[in-house]
Amino acid sequence: MSVRGDGGPYAPLGASRALESAAAWLFALLWLLPLLYAVWTAFHAPEFSTRFVPLAPLSLENFVRAWNAAPFARYFVNTFLLVTLILGCQLVLCTLAAYAFARFRFAGAQIAFALVLMQLMIMPDVLIVENYRTMARLGLVDTIPAIALPYIASAFGIFLLRQAFKSVPRELDDAARVEGAGTIQVLWRLYVPLAKPVYLAYALVSVSYHWNNFLWPLIVTNSVEARPLTVGLQVFASSDQGIDWSVICAATLMTSAPLLLAFLLFQRRFVQSFMRAGIR
Amino acid sequence: MIQRAHHAIHGWLLLLPAMALLALFTHWPALATFIDSFWSTPRPRRPAAFVGLDQYRAMLADPVFWQSVVNNLWFALGTIPVSIALALLMAVWVNDRIAGRALVRMAYFTPTMLPMIAVANIWLFFYTPQYGLLEQVLSHFGVATHNWLGTPATALACVIVVAIWKEAGFFMIFYLAALQQIAPVLAEAAALEGASRWTFFRRVQFPLLMPTTLFVLVNAVINAFRTVDQIIVMTHGGPDNATTLLLYYVYQVGFGFWDTSYAAALTMVLLALLAAVSLCQYVLIERRIHYR
Amino acid sequence: MDRRQFVTSSAALAAGALASSAIVRAATEISFYFPIAVGGPIPKIIDGYAADFEKENPGISVKPIYAGTYQETMVKALTAHKSGNPPVICVLLSTDMFSLIDEDAIIPFDEKGEPEKSWIGSFFPAFMENSRTGGNTWGIPFQRSTIVLYWDKQAFGEAGLDPEKPPAGWQEETAFAQKLTRRDASGNAVQWGMQIPSSGFPYWLFQALTTQNDVVLMNQAGDRTFFDKPAVIEALQRWLDLGRKLKVMAPGVIEWGTTPKDFFERKTAMMWTTTGNLTNVRNNAKFPFGVAMLPAGKRRGTPTGGGNFYIFKKVSRAQQEAALKFARWMTSPERAAQWGIDTGYVAVRPDAWSTTAMKKYVEGFPAAAVARDQLQYAVAELSTHENQRVTKALNDGLQAALTGSKSPEQAMKDAQSEAERLLKPYR
């Protein structure tokens, strides 16, 4: 980071800064448009969902209707359990695997790593037909673990953590071993704390992806007990009665609120963790 | 010696849980899909029979399959370069000290936080003829009304726009992190030599961002083949298969028609495409490691 | 009482308690998948019905599971059936009958003789057409609909037409629509005369046109289609002409989901859509509107739509009988009437329309009876073996014709040859 704090010699000044700001702001507005529309529509009666009359009366009716149309409380719980389960297991499994790749030499390590990298491309999302069959054989259809299992061993996570672990100086590792620490202890006491930014960045990616995942949960869940929010939102997406944007927007805001709020509050930390994670 | 063996065993033990799950949910299904594609779909009155390349022959003769491949390639061509370029541009803007940059950064990243299934409906409103948002804006400029999603020529483009909107902000974060890691002394040195901003970008920043670009490229490619949520909501693959993508067709065939073996053949094509890209990426990563 | 009596009576009490708890523990549980295709607090209503049923039938416990759209409910039911754990009773599209039979997933309702026949005979015959094949009844109507014409009375008045008279035939429909289509200075349509949606499942609306042109699209056995008959191509030509030649309808593929909204926004003066939208239109149209039977071509006509009850095969006998009880209970005249009032679906049996509740409802809202009156002209919805693929072939052909990428003859020929290819193995 620049010590001078002025953005360096190429930072735009004066007119070009204003121009750039204007362009950036225009795009920002475009990017926010759907969310702004959602906010407008959710808080106004249906007749204003296509008309943008400035002083139209506000109403919470849509939220009430949305809440009543499906058991969103249960969906919230399910989704929360789902992302927590996935993230927790991912952190554990990927840490162990990354540690193995980073610091251990064993026969077949190269092949194993290549197999892991395969998953970067061949994601569970494209193997829906076969994975469904596997879940049926395991008797896990229509449960939250069924949604979670295919994603727990994450090649992305292993890859990131391996990079992070590799950058820990070997001397620290040797020093810890000299003091008699076992494998797991070295991992827990040394590597994990040093990779904190990576964990944070990875958690952000994982949570936002799985909170919003749709196709696999749609296929593998049937009942309310296992269904996450995105599948629950489907009740509004296709109806004989046509699209009622007011209710859809209310439901959208309801289900996205936790993530949006979390990001609003923690965005600096997240971006910083991405930086410190050296993800590139 | 025993130390080495011990060491190796530890390594394998640490790796085992992850490998087991990967094998079960990635490698095994891929293999099973491959095998399945050579058999016919089992039905209650007709058990599965080995049919060799029949599924593939049917696939090659299926116009919807070809349409979905072409659509997917256009989709990839439309989303990948544009979202990466936009992400880079956004990162550069946010990195510069423009006014209100925290808000701008948040604005760009917001689409990532919203489920596609929900925003697809909002975009449906944007594209609705006559009173949709796009139409309302365009009518001010005197542009005639157009059925954006109902015309094959424009439907795919509309879906591409939604995909770009959704992922550019996500990629921006990676670029932002990488940009801020470039040592400021480089900028000062370049300025001293009288390089213009564009030259600085082209000769210094962009090459240093190469690893990020590669990383983002891989993600963009994967996304081009796996995002179908907006199609499920907005167009159902229509009009007349104009927005049917490969994965969407797999879903339709596997879970709509219940023709699981044909779906397996289709999945193999998808996997082959992804594997080809994976190979390129692995080779490039190797080169990058040497380059670093 | 003495000690022996005390012991005996307490033993009897204990035995009784044990026995009754055994009965409670042995309550037959039936899982019930249902889709939601209309707005409103449907899950709550269904839960209420389930609770009422359980009160009257203490040995049975009903577990209603909302499963998504019709499509998704079908996917879920079949995936559950294939993984060995099927639901006991489902509401699925009446057109899914052949697919379910082919997957060996359901049992017919009329295996049990006389009592069943009278129950089965109590439904509107139009709804039973999609429920019977091979001499058996496989589905029982529950939430059924037809297509109806909604018209904007205010727009009619503004165009110089009698607001109380909907078009009776194709000629009138065209003439009215031409008067109702308003354009602005640059020639863009500000209000279209009529709208027939064509996204998602255009075949359903197309069936109305073909029926009005006095031709059917498939045979009763579900193994033959007639997409390339001249009368069918004629019907498609009319659909195309409305948009392209007569210019009373937006050209291209019209989105189903936004059609009601288009009506509320007064972007179209007439629309063809399901009777299931009745409550929706009533709540949201801020102008007087009417509901009418679809205009006649050579005759009046509409396909039926909506869902039937199906009982699944691979569940226990006790569960099947409990499900049968549940189906009968849900389709009793009072309940059929109440369900129709709450949702806008057509109450599925004639005697439901003579219940007090329904009579009062129709008095207050005569539009509700239009769909029932149209039933005499209604035909079975398109349903064949390999139903999903055959309808997709037809849908693709229709959309190709509507967007101009194929001529109507070519589109229907291609659809027919695809359907032939799919259905030949079933003959």
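What is the handedness of the crossing of H10(C) and H18(C)? The crossing is right-handed.

First, the ground rules. This is a predicted model, where local features need pLDDT of at least 70, side-chain atom pairs count only at pLDDT 80 or more, and totals for chains, interfaces and linings use all residues. Residues are numbered from 1 along each chain as its sequence is written, while chains are lettered from A and ligands numbered from 1 in the order in which they are written.

Back to that helix pair. H10 of chain C covers residues 230-244, and H18 of chain C covers 408-423. Helices here are DSSP runs of H or I, at least four residues; strands are runs of E, at least two; both are numbered from the N terminus. The two axes lie 9 Å apart, at an angle of about 130°. That makes H10(C) oblique to H18(C). Oblique is what remains after under 35 degrees (roughly parallel), over 145 (roughly antiparallel) and 65 to 115 (roughly perpendicular). Axes are lines fitted to C-alpha atoms over the stretch in contact, and angles run from 0 to 180 degrees between N-to-C directions.

Who touches whom? From H10(C), Val232(C), Ile233(C), Leu236(C), Gln237(C) and Leu240(C) meet Pro408(C), Glu409(C) and Met412(C) of H18(C). Contact means C-beta atoms, placed from the backbone, within 7 Å. By class, that is 6 nonpolar, 1 polar and 1 charged residues. Nonpolar covers Ala, Val, Leu, Ile, Met, Phe, Trp, Tyr, Cys and Pro; charged covers Asp, Glu, Lys and Arg; the others, Gly among them, are polar.

Now chain A. Its secondary structure is 13 helices and 0 strands. The C-alpha trace spans about 70 × 65 × 30 Å along its principal axes.

Next, the interfaces. Chain A puts 82 residues in contact with 88 of chain B. H13(A) gives the most to that side of chain A, with 14 residues. The side divides into 59 nonpolar, 18 polar and 5 charged.

With chain C, the contact takes 21 residues from chain A and 28 from chain C. H2 (61-69), H5 and H12 of chain A each supply at least two residues there. The chain A side divides into 9 nonpolar, 9 polar and 3 charged.

Conventions:
Left-handed = near helix turned anticlockwise from the far one by under 90°. Contact = placed C-beta atoms within 7 Å.
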